[in-house]
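Here are my notes on this one, point by point. Have the model open while you read.

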Amino acid sequence: MRGGSLSHPEVIEALKPFIVTSWYVSNADFGEMPAELLRLQREAGLRHEGNIGCFVLDEKARLVRGFHPWPGPTPNSLGFDKDRMGRHLRAEIDKATKEMKLPEVKKEERPIKLPDVERGVRIFLKLDSRTASFRTPVVETVPSKPVDAQVLAWPREEREIPVEKLKAWFDPIFPPGVMDQGPGTYARFGGRLTIKPAGPRAAVLSGDVELVMGDRGATAIRGRLEVALAYEADAMKSLRGVFEGNYPKRDPMRGGVHDIRMTAAIESRPD
């Protein structure tokens with residue numbers, strides 16, 4: 001639930017004494033639900049029309065309480081307001097844990113630490129939207145693989161790079177708050193990327209990209225990637241880049257399509 005109520009500060013605080021796990025399937029296909037989860041859902045009496053359910057278990061994995069994270073049949077019962085949704089979820093957790101003896105968690109003031117990777121890229125994603133779940137900034141990391149060194153090797157002359165070769169970069173550039181599928185589920189990739197020398201040990205990777213989502217409407221996010229790369233010998237040393245595109249969000253209530261501007265900054269790590 002990227003950008004949803006689970007990221008609300010009060011919910012994070014309430015969940016500190018717990019081990020938190022999750023299970024996901026697209027389109028709420030309960031036929032694929034593991035037997036143990038299906039048993040919990042039935043025991044808790046949760047309705048099937050709610051596609052997100054929460055269960056609180058005790059230290060012996062017995063159900064304490066199950067609930068949906070909003071009061072009505074859909075998230076719209078709280079107007080998709082992240083703060084209201086977060087405070088409601090916190091209240092439901094408090095109800096479930098009222099009689100439980102939870103371990104004491106020391107409160108610590110910790111500086112904000114961005115996710116990092118030993119070797120790879122870090123991606124900062126932002127959507128220009130009035131909807132809180134879409135507006136939540138996302139930071140993701142992608143570890144490098146041996147194939148990346150081959151794909152991004154020093155270009156002695158201009159050459160084309162298939163968009164699919166950089167799939168690991170594009171998968172995290174995915175709108176947060178999308179409810180009918182999980183992140184990293186682009187069904188296919190289109191467009192054309194080229195890499196060409198831009199100095200003694202520098203290169204530019206650029207091109208137009210099409211990212212087709214795996215939803216029923218095959219929503220296509222179109223944008224442009226521009227990356228500057230620096231090299232030592234023929235090996236890529238560092239890179240900085242940006243992807244700018246549009247997410248055509250369909251409005252199921254009012255109809256029509258609203259274009260949401262997407263921007264992703266890409267930087268190599270640890271450089």
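**Notes on the chain**

1. Let's start with helix α2 (residues 35-44), where Leu38, Leu40 and Gln41 are buried. Looking down the axis of α2, the buried residues fall within an arc of 160 degrees, so they line one face of the helix; the arc is that of the directions from the helix axis to the C-beta atoms. Buried here means under 20% relative accessible area, exposed means over 50%, and partly exposed is in between (1.4 Å probe, protein chains only). As a reminder, an α-helix has 3.6 residues a turn, so residues three or four places apart point the same way.

2. What sits on the two sides of α2? Ala35 and Arg42 are exposed on the other side, while the cover over the buried residues includes β1 (54-57) and β2 (63-67). Just after the helix, Gly45 has a positive phi of about 70 degrees.

3. A word on provenance: this is a predicted model, so local features need pLDDT of at least 70 and side-chain atom pairs count only at pLDDT 80 or more, whereas totals for chains, interfaces and linings use all residues. Residues are numbered from 1 along each chain as its sequence is written, and side-chain values use heavy atoms, with hydrogens and water left out.

4. Now the overall picture. The chain has six helices and ten strands; these are DSSP runs numbered from the N terminus, helices being H or I of at least four residues and strands E of at least two. The C-alpha atoms fill a box of roughly 70 × 45 × 35 Å along the principal axes. Of the 271 residues, 38% are buried. Among contacts (heavy atoms within 4.5 Å) with a separation of 6 or more, 54% are between residues 24 or more positions apart.

5. Have a look at Val142, in strand β4 (residues 138-143). Val142 counts as buried because its relative accessibility is 10%. Leaving aside residues up to four places away in sequence, Val142 touches Val117, Arg119, Gly120, Val121, Ile123, Ala168 and Pro172. Val142 and Glu164 are 22 residues apart in sequence, and their C-alpha atoms are 15 Å apart in space.

6. Which side chain does Asp171 pair with? Asp171 sits in the loop between α6 (167-170) and β6 (186-197), and its side chain makes a polar contact with that of Lys167 at 2.6 Å. A polar contact is a pair of N or O atoms within 3.5 Å; within protein, one must be able to donate a hydrogen and the other to accept it, and residues adjacent in sequence count only if both atoms are side-chain atoms. Asp171 is buried, at 13% relative accessible area.

7. Some backbone details to check by eye. Ala61, in the loop between β1 and β2, has a positive phi of about 65 degrees although it is not a glycine; Ala61 is partly exposed at 42%. Ala233, in the loop between β8 (220-232) and β9 (235-250), also has a positive phi, of about 55 degrees, and is exposed at 54%.

8. Pro270 lies in the segment after β10 (257-269).
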